[in-house]
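Let's take a walk through this structure together, starting with one chain and then moving on to where the chains meet. Keep the viewer open as you read.

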Amino acid sequence: MYPVRKEGRFTIIELNGEVDLYYSPKAREQILACLNDRLNLLVDLSRVEYIDSSGVASLVEGYQLARDAGIEFGLVGVSPAAMQVLQLAKLDQVFPIYDTVADALEGRRAGVQG
Amino acid sequence: MEKETLLLELHFPSRAERLQAVRNEVRETMSRIHSLPCDVDCAVIAINEACMNIIQHAYGAQQEGKIILQIFDLGDDLLFRLIDFASPVDTSKIKPRDLEDIKPGGLGVHMIHEVMDECRFLKCPEGVGNIFQMRKRKTRNPEQ
């Protein structure tokens with residue numbers, strides 16, 4: 001199980017290590033469980049050393065489920081390794097991405113001025 | 001005819017839990033020939049995604065088989081070859097999908113095409129299911 005914590009209105013799942021075909025089903029299960037409980041969700045990717053397309057697919061599924069249900073969903077502290085893969089999949093412009101949880105609480109997206 | 005120097009030949013079962021060890025072998029092999037980090041990352045991403053396709057689609061959830069990974073140094077290029085013994089796949093159905101259509105699946109083929117310069121299936125000898133070959137031009141080290 002990946003660590004989960006609460007901060008403000010968000011539940012935060014901290015993915016870590018290598019999120020690949022073996023580990024991504026566990027990440028997917030936890031993400032979908034939080035969203036099924038209608039929790040506003042941030043997925044912390046700061047300790048992710050590698051993520052493959054199956055891990056990214058879990059994030060996309062979560063993003064779509066949250067959007068359709070009107071729940072907040074975002075990625076926080078995206079590591080360089082994870083960002084490289086999001087950019088390859090052209091998803092860095094799709095997900096709400098925040099540098100820190102404080103930024104997410106204030107709705108201040110990464111790379112957006114003001 | 002280009003000279004192919006075999007850098008790595010790895011035989012492993014088509015199991016998801018083996019992928020981490022495969023990625024580590026790829027990183028070590030690429031480091032041994034002083035590849036730049038960007039080339040190491042490209043090789044790891046493409047080989048991992050291609051292995052996933054073999055595990056999930058060629059062998060499928062119901063069967064397990066052997067995968068062989070070969071890495072060759074061609075001088076200016078690197079060649080990555082993945083061999084499996086599953087039923088031949090319908091290569092006409094393997095295409096990168098439109099990324100404008102945001103959905104969970106089908107990203108792997110796109111990622112392979114993004115990080116490699118050339119990818120194709122080779123004609124297989126008797127007894128082999130599929131041979132997928134990827135080629136990447138080495139990034140020149142600006143300090144050399």
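Reading chain B from the N terminus, its elements follow the order β-α-α-β-β-α-β-β. That comes to three helices and five strands, where helices (H or I, at least four residues) and strands (E, at least two) are DSSP runs, numbered from the N terminus. Before going further, please note that this is a predicted model, in which local features need pLDDT of at least 70, side-chain atom pairs count only at pLDDT 80 or more, and totals for chains, interfaces and linings use all residues. Residues are numbered from 1 along each chain as its sequence is written, while chains are lettered from A and ligands numbered from 1 in the order in which they are written.

A compact globule of 144 residues would have a radius of gyration near 15 Å, and chain B agrees with its 15 Å; the radius is taken over C-alpha atoms, and the globule rule is 2.2 Å times the number of residues to the power 0.38. Of the 144 residues of chain B, 28% count as buried. Here a residue is buried if 20 or more other C-beta atoms lie within 10 Å of its own, exposed if 12 or fewer, and partly exposed in between, with C-beta atoms placed from the backbone. Among contacts in chain B between residues at least 6 apart in sequence, 64% join residues at least 24 apart; a contact requires C-beta atoms, placed from the backbone, within 7 Å.

Now follow the strands of chain B. Strand 1 (residues 5-13) and strand 2 (residues 66-73) pair in the antiparallel sense over eight bridges, pairing being assigned if DSSP finds at least two bridges between two strands. Within that pair, B:L10 has B:L69 as its bridge partner. The hairpin of strands 2 and 3 has three residues between the strands, and B:G75 takes a positive phi near 100 degrees in it.

Where do the chains meet? On chain B, 19 residues are in contact with 16 residues of chain A. Helix 1 (19-32), helix 2 (37-59) and helix 3 (107-115) of chain B each give two or more residues to this side.

The largest nonpolar core has 66 residues, of which A:L41, A:V43, B:A43, B:A46, B:I47 and B:A50 touch the most other members. Such a core is a set of buried Ala, Val, Leu, Ile, Met, Phe, Trp, Tyr and Cys residues joined through C-beta atoms within 7 Å. Helix 2 of chain B gives the most to this core, with 12 residues.

Finally, visit a loop of chain A. A:R38 sits between helix 1 (24-36) and strand 3 (41-51), and its phi is near 60 degrees, a positive value in a residue other than glycine. A:R38 counts as exposed because it has 11 C-beta neighbours inside 10 Å.

Key: Contact = placed C-beta atoms within 7 Å.
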